[in-house]
Amino acid sequence: MTTYTICIFTENTIGLLNRITIIFTRRRINIESLTVSETERKGVSRFTVVIKHESREEVEKLVRQIRKIVEVLAVFGYLNDEIVYNEIALFKVSTPLGSKPLDVETINKQHKAWIVYWGLDYVVIEKTGDDKEIFEFFAYIKQYDILEFVRSGRVAVGKTEKGLVEYLPEAEWAYYL
Amino acid sequence: MEAIANITPDVIETTPSAQQAAPKLISGSEALMMSLIAEGVDTIFGYPGGAIMPVYDALYDYQDQINHILVRHEQGAGHAAEGYARVTGRAGVCLVTSGPGATNLVTAIADALIDSTPMVCIVGQVAKKLLGTDAFQEADVMGVTMPITKWNYQITNSDEVADVMSKAFYIAQSGRPGPVLIDITKSAQLELMTKPFSYERCQSIISYRPRLAPKQEQLELAAKLINSAKRPYVLVGHGVQIAKAEEELRIFVEKTGIPVATTLLGQSTISTDHPLYVGWLGMHGNYGPNVMTDHADVVIAIGMRFDDRVTGDASKYIKQAKVIHIEIDPAEIDKIIRADAPVVGDAKEALKALIPLVEPNDHTVWRNEFRKYDTIEYETITAPELNNPAGKIRMAEVIDLLSTKTKGEAVLVTDVGQHQMMASRYYQFRRPNSLITSGGMGTMGFALPAAFGAQVGAPDRQVVAIIGDGCFQMTLQELGTIVQNKQPVKAIILNNNFLGMVRQWQQLFHERRYSFVELQNPDFITIARGFGMDGQTCDKRENLSDALDTMLAHDGPFLLEVIVEKEENVFPMVPAGASVSQIRLK
C-alpha cells in the first residue's frame with residue numbers, strides 16, 4: 001500500500017466536503033486523514049486528504065472524478081517524496097507531585113517538541129512532524145502517563161516551485177489576508 | 001450560448017391581473033418564473049405540494065408562457081423531463097414539492113446522470129428556520145441527491161434565485177450534460193427580493209470549464225493511428241447525438257471507410273441501412289460487432305464510456321487494439337479502457353477537426369468480415385424469430401412490422417428488459433435521436449412517462465413506446481397525464497406475463513428456478529379505457545398488422561397490448577463477466 005496525499009482546491013461552499021467524501025466512499029477508499037482550510041486566496045479552500053492505495057492507476061482515476069465536481073478548481077495527487085508535509089500532535093501528560101520529572105531538554109532538543117501548557121498536575125506537549133516522528137515521540141513519552149493524545153490531519157505543499165495561483169483557472173484571485 | 005439582454009419584470013409578459021398586482025420588488029417565486037422564461041423554458045413537468053405552493057401560485061400568472069404539465073407521480077415528471085430533453089437537446093424541467101416529492105424524483109435523477117441527460121429539478125423545501133428540525137415533509141434532499149446530480153444547490157434567500165438558476169441551466173446543458181437539482185426553501189419563495197430582478201445567462205463558471213476544442217497534438221496522434229490502421233473500427237455512443245455530430249460522423253466514416261457500431265444509446269446516430277453500419281454492441285447486441293471488436297487493430301470510441309454491458313470482461317476487451325477515445329468528460333478517459341490516443345473535447349468539434357487530417361480509405365475486405373457474422377446471426381436468430389408461423393406472436397415480429405409501417409421514422413421509447421433489446425435489434429432507425437431508453441440505470445417504468453415527454457418535445461414526430469408488462473405497472477398512472485394533455489403517444493405492451501429478462505437469466509444461469517417473475521396482470525385495456533385512452537389487445541399473428549395500423553392511424557393516444565410468446569429468450573447474449581468474443585447465439 002502506498003500513501004497518497006491528495007490536495008483539492010475548491011470554491012468555499014456549503015456541502016462540498018460531503019460531495020468530495022462521497023467519491024472516496026463509493027470506491028471503498030478509506031480516508032486516513034483530512035484537513036480543510038481556506039488558502040491565501042480569498043474564497044479558495046484547500047482539502048488535504050491522505051489515503052493508502054495499492055494502485056496508482058486507481059488513484060489517478062479518483063483524482064479525475066474529484067476534478068469533475070463543479071466547485072473543484074484543481075486537484076493533485078502526490079507521493080510522499082513530492083511534498084513537504086507535517087502533522088501536529090498534542091500530548092497531555094500527567095505530572096502529579098512526586099512523579100518522575102519530565103526531561104524537558106530531551107523533549108526539546110532530541111524530539112523538537114514543546115511544552116505549550118502547564119496545568120496543575122499535567123502538561124500539554126506539542127509535537128509537529130511526519131507520522132514517523134510523532135510516533136517516535138509517542139514511544140518516548142509513553143514512559144510518563146499519557147492522559148490524552150490527539151493528532152491532526154496532514155498539511156502539505158508540493159515541492160514544485162509554482163505557487164497555488166498558477167494552478168488555478170485564470171481569474172483575479174484576491175489575497176485572503 | 002448566446003448572450004441575452006438583462007431580463008427585468010417590465011419585459012416579461014404577464015396576465016393583466018398580475019401586471020396590476022406586480023410589486024416593484026418581486027418574490028423569490030416570481031423571480032424563479034422569470035428565470036425560467038429567460039432561459040426559454042416552455043414546459044415544466046411537475047406536481048404541487050405544500051413546500052412549493054408559492055412557486056405554483058406565481059406560475060398561475062405565467063401559464064400562457066410556461067406550459068405546466070401535471071403528472072401523476074414525481075417519478076413520472078422526471079422521466080417525462082428526460083424524454084423531453086432527449087428529443088430536444090434542451091434541459092427538461094421538473095417542479096416538485098419537498099420530502100416525498102423530491103425523493104420520488106430520485107430514480108429519474110439517477111437515470112439522467114448516468115445517461116447524460118440535461119435536467120433541472122426545482123424542489124420545494126421547508127422554511128429556512130425549520131431546516132434540520134425534522135419538520136413536516138423535510139428531507140435532506142441535498143444530501144440524498146449529491147451523488148446523483150451534476151450539481152445541486154439550496155436557495156435560502158430570494159436574491160440568489162436568478163444567479164443560481166442561470167448557473168443551473170448552464171451546468172445541466174453544457175459539457176457532459178446531466179441533472180441539476182435546486183432545493184428552494186419556502187421562505188425564499190415567499191420573501192421579496194431586496195434588489196430589482198435582473199437575469200443574465202451564465203456563460204462560464206471559474207471552476208467548471210468543459211473543454212470543447214480538442215488539443216491539436218491529440219488529434220494528430222489520433223489521425224496518425226487511423227491512417228495507418230488495417231482494421232479500424234468506430235464505436236459510437238450517445239455522446240455523438242448529444243453533440244449533434246451525426247453529420248460529421250457520417251462524413252468521417254465515409255471518408256475513411258471505417259465500419260461503425262453503436263452502443264445501445266448510440267443507436268440511430270447513423271441510419272441502420274448505411275453501408276458502413278455493422279450493428280450494435282453489448283450484452284444483447286449484434287453478433288458481428290461484438291466478435292469483431294476483438295479483431296480490430298484501431299478502435300475509435302466516440303462519446304461512449306465503455307459500460308460493462310458493452311465490454312463484458314473489461315480485462316479481456318480490445319487488448320489487441322490501439323484505442324482512440326474521443327470524449328468530453330476527461331474522467332472517462334482511462335476509466336475502464338486505457339486510451340492510446342485520448343481526445344478530450346466535444347464530439348462535433350473533434351470530428352470536424354479530424355476529418356481533414358484523415359486520409360480517404362476503403363477497408364472493403366475488413367468490412368466484409370462483419371458480413372459473414374451477420375449471415376450467421378440472421379440464419380440462427382433473426383430468420384427463425386421473424387418467420388416462424390407457429391406458436392404465439394414473437395416480440396421480434398411486432399418490432400419488425402412496426403419498423404416497416406413507420407418506415408423507421410418513429411421515435412422509439414423503450415422500457416427495460418427483453419422488449420428493450422428486441423426493439424433495439426429489430427427497429428430500423430432512419431433518423432437521429434430516435435431511440436430513447438434507459439441505458440445506464442435500466443429503470444423499469446421509464447418508457448411511458450418518457451414517451452409522453454418526448455411527444456411534448458417533438459410534437460411533429462410519431463412517438464411509440466415499447467413497454468413490458470412488468471415495466472408498465474410501475475408508472476401506468478401516467479396514462480392519465482397523457483390523456484389529460486391530449487398527446488398522441490402510442491404505447492405497445494409486449495405482454496408475456498413474466499419479468500422476461502430476469503426469467504431468461506433464471507433459465508440460463510439458475511437452472512430454471514423461476515423465482516418470483518410471473519405476474520398476475522390486470523386487464524390493461526380496461527385500465528387504459530378507465531383513464532380515457534383507447535386501446536386493444538392482439539393475440540393472433542394474423543391480426544397483428546391490422547392492430548398496428550389501427551394504433552398508428554388512431555387520432556390520439558392508443559394502447560396496444562400484444563400477447564407474445566411466454567418463454568422467449570433474447571439472443572445473441574454475452575453472459576455477464578464473459579468476454580465479448582464468448583457471445584452466445586443460443
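How many helices and how many strands are there in chain A? In this predicted model, chain A holds five helices and nine strands. Along the sequence these elements follow the pattern β-α-β-β-α-β-β-α-β-β-α-β-β-α. The C-alpha trace of chain A spans about 60 × 40 × 30 Å along its principal axes.

Strands of a sheet pair through backbone hydrogen bonds, and the pairing may be parallel or antiparallel. In chain A, four strands form an open sheet in the order β2-β3-β1-β4, and their pairing is antiparallel. The edges of this sheet are formed by β2 (31–38) and β4 of chain A, each of which pairs on one side only. From one strand to the next, the twist averages 15 degrees. The antiparallel strands β2(A) and β3(A), the latter covering residues 44–53, are joined by seven bridges. Within this pair of strands, Thr35(A) stands opposite Thr48(A), a residue of β3(A).

Two helices of chain A pack on the sheet. The helix α1(A) touches β1 (2–11), β2 and β3 of chain A, and its direction makes about 150 degrees with that of β1(A). The helix α2(A) touches β1, β3 and β4 of chain A, and an angle of about 165 degrees separates its direction from that of β4(A).

In total, 19 residues of chain A are in contact with 21 residues of chain B. The two chains bury about 1,700 Å² between them, and 51% of this area lies on carbon and sulfur atoms. On the chain A side, Arg19(A), Arg64(A) and Val70(A) lose the most area to chain B, together accounting for 38% of what that side buries.

Polar interactions were also counted across the interface. Between chain A and chain B there are 11 residue pairs in polar contact, counting pairs with both residues at pLDDT 80 or more. Three elements of chain A, namely α1 (16–26), α2 (56–67) and β4 (72–79), each supply at least two residues of the side that touches chain B. Of the elements of chain A, α2(A) gives the most to this side, with five residues. By class, the side of chain A that touches chain B comprises seven nonpolar, three polar and nine charged residues.

Side chains of opposite charge can pair when their charged atoms come close. Two salt bridges are found across the interface of chain A and chain B. One salt bridge joins Lys68(A) to Asp329(B), with the closest N and O atoms 2.8 Å apart. Over all chains, the whole structure contains 32 salt bridges. Within chain A, the side chains of Glu87(A) and Arg151(A) meet in a salt bridge with an N to O distance of 2.7 Å. This pair links distant parts of the chain, 64 residues apart: Glu87(A) belongs to β5(A), residues 83–94, and Arg151(A) to β8(A), residues 145–151.

Two backbone features were noted in chain B. Most residues other than glycine have a negative phi, and most peptide bonds are trans. The peptide bond from Phe571(B) to Pro572(B) is cis, with omega near 5 degrees. Pro572(B) lies in the segment after β18 (558–563) of chain B. Ile318(B), although not a glycine, has a positive phi of about 35 degrees. This residue, Ile318(B), is located in the loop between α14 (308–311) and β11 (322–327) of chain B.

Conventions
Residues numbered from 1 in each chain as written. Chains lettered and ligands numbered in written order. Predicted model: local features only at pLDDT ≥ 70, side-chain atom pairs only at ≥ 80, totals over all residues. Heavy atoms only, no water. Contact = heavy atoms within 4.5 Å. Buried area = accessible area lost by both parts, 1.4 Å probe. Salt bridge = Lys/Arg side-chain N within 4 Å of Asp/Glu carboxyl O. Polar contact = N/O pair within 3.5 Å; in protein donor to acceptor, adjacent residues only side chain to side chain. Nonpolar A, V, L, I, M, F, W, Y, C, P; charged D, E, K, R; others polar. Pairing = 2+ DSSP bridges. Axes fitted to C-alpha atoms, helices over the stretch in contact; angles between N-to-C directions.
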